[in-house]
Amino acid sequence: MKDKQQMTSYTQDDLWVWKTLFQRQRKNIPQKASSAYIQALERMKPVLNADEIPDFEKINDWFSKHNGWELQVVPGLIPVEDFFQLLAEKKFCSSTWLRAKNSLDYLEEPDMFHDVFGHVPLLSNPVFSDFVYEFGKLGCQFIGEPERLLQLQRLYWFTIEFGVISEQNKIKSYGAGILSSYGETNQIDLMKANFLNYDIEQIIQKGFRTDVMQEDYFVVDNFDVLFSSLQKLASHWQKTPILKV
């Protein structure tokens, strides 16, 4: 049986945390987040806003009228194989718990604010959501091949989680790990990091840490670059043996 969100279990403290995080970051991102993300957040305002804890049934109903994505409740981190399978079914996994009042600024394990505020809006963007869907399908092709799955985890990390994009000669954020983090959003805006040209071959060989703000980001010119690079990677992998990592 699938896990289910229990809306009646949320407390006033939970609502305070959601509203505080949402309002703070919504005020913080207008000149720092990608235009696609800002537009998507506005588009989903009826079901994703500061005044109410997100109701997954309402969000899923909204998506059913648009592009068919849905939120799948998970208890926490799940096996990577299950994660890819869900993405390939247009199901994005999300926690339903919220961080405590004394942990507003950093969590190593993602909570609902990260999953929903960070990830969900861009699932309404046609090109980006297609990239996520194709990413999941590619992962399913290599279940049982840990080297390939590790490389895809790295790609996920440096794009869907910590991706940045160049817009009008300014680096802006689109990754969920950045946009759900007040500190990391501002670190990028202040250019206090290394910004590298997007190179999928370099990305899939690059390790990452989950316990600190990132030092390196890969800059794309547009989301079409993500989609086309994934297609090229898939084609290359079909023709070549597994690279040892």
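Which hand does the crossing of H4 and H6 have, left or right? Point 2 gets to that, after some ground rules.

1. This is a predicted model, where local features need pLDDT of at least 70, side-chain atom pairs count only at pLDDT 80 or more, and totals for chains, interfaces and linings use all residues. Residues are numbered from 1 along each chain as its sequence is written, and side-chain values use heavy atoms, leaving out hydrogens and water.

2. Look at helix H4 (residues 80-88) against helix H6 (residues 126-141): their axes sit 7 Å apart at an angle of about 135°. (Axes are lines fitted to C-alpha atoms over the stretch in contact, with angles from 0 to 180 degrees between N-to-C directions; helices are DSSP runs of H or I, at least four residues, numbered from the N terminus.) The crossing is left-handed, meaning the near helix is turned anticlockwise from the far one by less than a right angle.

3. On to Arg-26, which you'll find in helix H1 (residues 12-28). Its relative accessibility is 25%, so Arg-26 counts as partly exposed (buried is under 20%, exposed over 50%, partly exposed in between, with a 1.4 Å probe and protein chains only). Beyond its neighbours within four places in sequence, Arg-26 is in contact with Ile-38, Leu-41, Glu-42 and Phe-117 (contact means heavy atoms within 4.5 Å). Phe-92 is 66 residues from Arg-26 in sequence and 22 Å from it in space, C-alpha to C-alpha.

4. Now try Tyr-37. Not counting residues up to four places away in sequence, Tyr-37 touches Ile-29, Phe-117, Gly-118, Pro-121, Leu-122 and Leu-179.

How values were computed: Helix = DSSP H or I, 4+ residues; strand = E, 2+ residues; numbered from the N terminus.
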